[in-house]
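Here are my notes on this one, point by point. Keep the structure open while you read.

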Amino acid sequence: MTTVGFIGLGNMGGPMAANLVKAGHAVRGFDLSEDAKTRLAEAGGTPCASAKDAVSGADVVVTMLPAGRHVEAVYLGDAQSGEGGLIAAAAKGTLFIDSSTIDVATARKVAAAAEAAGMGMIDAPVSGGVGGAQAGTLTFMVGGPEAAFEQARPFLDRMGKTIVHAGGAGNGQAAKICNNMILGISMIGVSEAFVLAEKLGLDHQKLFDISSTASGQCWSLTTYCPVPGPVPTSPANRDYQAGFTADMMLKDLKLAQDAANSSGANTPLGAEAAQIYGLFAGEGNGGLDFSGVVKFLRGKG
């Protein structure tokens, strides 16, 4: 049994922490939400009063936080107040696993600070949504040293199904934002096709039956179809109750555009996708599933 500190027990982090408890680890968790901490206790973990309390005595620390600024603050602390972060609070030799989706530059900055302090660290953002977090079938895209990756692997295996080492520090984040740029673009393309089919009098199921076995086949169509009916498990059948919100997709598309601008990459479709999701979320739809963008394309967003 290993003691794991887990910071960030929300829709994704909570189920991930619960799966580590199921694997027999002692999980000490912290979140700003009291409800989230209660759910951890119900799963068999130990809720803590602070992030530093959660990492006290931990061999491994997992973080699942909203954005780069939160990751930097939690790990590095507040320079103005002089209050240290997790790197300063944890015992030397602690392994850090950051599963937040953040910008590559911040991931590399925090990893360098952890290495300088004698800690192992990987950036390990995930794909698979809340369902994957609950089922323990997430895909982890991992950046960091080989030794830290191998040390983290047994814990990642308890939370995910596919674990890929993408290279050095920050490469997990690079893989995540590239993957989600593909996803955002493809969901818009599939949604546009269904909107066009509606205008032309082509039945949703007929288009699905054809395109799902033809060259239009893709995950956004066959697993996460944006219209009700063809894929019963897709959010379209639950009035777009979110598995992955439009706000989260917009965040990832913006990260991709920031990375494209800083690296000089040409991503015109990624830029257009970010604009479309910005408009969709701006109309009050940010909490809907990202596949709900089909409503916006119909002019009903």
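1. Start with Met 16: it is buried, with a relative accessible area of 0%. (Buried means under 20% relative accessible area, exposed over 50%, partly exposed in between, with a 1.4 Å probe and protein chains only.) Leaving aside neighbours within four places in sequence, Met 16 is in contact (heavy atoms within 4.5 Å) with residues including Phe 6, Met 64, Val 126 and Met 159.

2. A word on the source: this is a predicted model, where local features need pLDDT of at least 70, side-chain atom pairs count only at pLDDT 80 or more, and totals for chains, interfaces and linings use all residues. Residues are numbered from 1 along each chain as its sequence is written, and side-chain values use heavy atoms, with hydrogens and water left out.

3. Met 16 sits in helix α1. After α1 comes Gly 24, with a positive phi near 100°.

4. Now the rings. Those of Phe, Tyr and Trp (its six-membered ring) pair if their centres lie within 6.5 Å; planes under 30 degrees apart count as stacked, over 60 as edge-to-face and the rest as tilted. That rule gives 6 aromatic pairs. Tyr 75 and Phe 96 have ring centres 5.2 Å apart and planes at 90°, so they are edge-to-face.

5. Tyr 224 and Phe 290 have ring centres 5.4 Å apart and planes at 20°, so this pair is stacked. Both are buried.

Technical notes: Helices (H or I, at least four residues) and strands (E, at least two) are DSSP runs, numbered from the N terminus.
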